Amino acid sequence: MIYELRLYSVAPGRMADVHDRFNHHFPALFAKHGVNCVARWNAVAGPDAPRFVYMMAYRDYAERESVWASFYQDDEWWRIRAETNAGHEMVERHDLFFLKPNVAWTADATPDDAVGGLHELVQQQIAPGKNAHANAFLKDTWLPLLREAGARVLGVFDMAAGAGMQKVVLLHAWPDAAAWHKGRRFLDTNETLRSQFAEQRKSLGTAIFQRAEVNLLEPAPGAAIRAGLGRSTP
C-alpha cells in the first residue's frame, strides 16, 4: 500500500470553497473513479498555515495512475473545477508526497474508529544512512513515549517520493490543544529521550532525529478520519 499526501496553500478567503468542493462535489466523483481519500484536515499551525491537507491510499502506484487518469478524463471534473474556481484558482501552491508504511507502524485502535481532537503531522528528518537505527528507535522508544505522553499514533511512514527523501512521516492525534502542550513538555524534558539522544551522538556521531517540519491539523468539516487510514490490518 502507498499513500499520497497533499498540502495545499489556499487563496485568501477560499478555504470554505475548498471544503464545499470536497463535501458536495467530490464524493460522487471520487467514488466513480476509485479515489480513496482517507483523511482531510485544516493545517492551523505550521509552515505556510493555514493550509488544506488531505491523504489518499492506493494498493500500489499502478492503481494511483489508473484512478487519476480516469478522473482527469472525466468532463464532469472539468465542469466542477470551472464552476467552483469561479474565475480564480483556489489553490495557489501544492506540495505532494508519496509515503509507504513504516515497519514500526502498529494500530492504536480498531481501524474503523473515528479519531477527532488535534492531529500532528511531523516530517522528521533522519540522519543519513541511519534508517535501520531510526526504525528501532521509533519502535522501542519514540512511539511508546508518544503514547505515554497522551497521543494516539495514526500513522508512521517512510518518505517514498517528495522533498527531503531521508525522512519518516509521523501522524498522531491528541485529545485537544491542552493535551498537545502537556505532551510536548513531557517529551522535551523526558530523561529517557535525553539519554538516548546523548548515547546516539556518542555511538553514531549524530542524533538519529534531526530537524522536523510540524503541522498541527484539525479534521476538516465533514471529514470522518478513521484510525486505520484505509488499512484493514495493523
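A: Start with R93. In this predicted model, R93 is partly exposed, at 42% relative accessibility. Its side chain forms a salt bridge with D95, and the closest N and O atoms are 3.1 Å apart. D95 itself is buried, with a relative accessible area of 18%. The cut-off matters here: buried means under 20%.

The structure holds 17 salt bridges. Another one pairs D188 with R184, at 3.7 Å from N to O. Both residues sit in helix α5 (residues 177–188). They are four residues apart, so about one helical turn separates them. D188 is exposed, at 52% relative accessibility. R184 is partly exposed, at 22%. Now return to R93. Salt bridges with shared partners join R93 and D95 with D48, R51 and E213 in one network.

Strand β4 spans residues 91–101. It pairs with β6 in the antiparallel sense, over four bridges. Where do they face each other? K100 stands opposite D158 in β6. Strand β6 (residues 152–161) is mostly covered, since seven of its 10 residues are buried. β6 also pairs with strand β7 (residues 167–174), again in the antiparallel sense, over six bridges. There, V156 stands opposite L170 in β7. As a rule, side chains in a regular strand alternate between the two faces of the sheet.

The largest nonpolar core has 52 residues. M55 and L229 have the most contacts inside this core. Helix α4 (residues 131–149) gives the most to this core, with eight residues. M55 touches, among others, L99, F157 and L229, leaving aside residues up to four places away in sequence. Its other contacts include Y3, L5, V38 and W41. A separate core of 22 residues lies apart from it, and Y8, Y58, W68 and F98 are among its members.

K32 and D74 meet through their side chains, 2.8 Å from N to O. K32 lies in helix α1 (residues 15–33), and D74 lies in the loop between α2 (61–72) and α3 (75–85), so the pair ties together parts that are 42 residues apart in sequence. Which end is buried? D74 is, at 9% relative accessibility. K32 is exposed, at 57%.

The buried residues of α3 are W77, I80, T84 and N85. Seen down the helix axis, these residues fall within an arc of 115°, so they line one face of α3. What covers them includes α1 and α2. On the other side of α3, D75 and A82 are exposed. Just after the helix, A86 takes a positive phi of about 55°.

β4 pairs with β6, and β6 pairs with β7.

Technical notes: Residues numbered from 1 in each chain as written. Predicted model: local features only at pLDDT ≥ 70, side-chain atom pairs only at ≥ 80, totals over all residues. Heavy atoms only, no water. Core = buried A, V, L, I, M, F, W, Y, C linked by side-chain atoms within 4.5 Å. Buried < 20%, exposed > 50% of the residue type's maximum accessible area, 1.4 Å probe, protein only. Helix = DSSP H or I, 4+ residues; strand = E, 2+ residues; numbered from the N terminus. Contact = heavy atoms within 4.5 Å. Salt bridge = Lys/Arg side-chain N within 4 Å of Asp/Glu carboxyl O. Arc of directions from axis to C-beta. Pairing = 2+ DSSP bridges.
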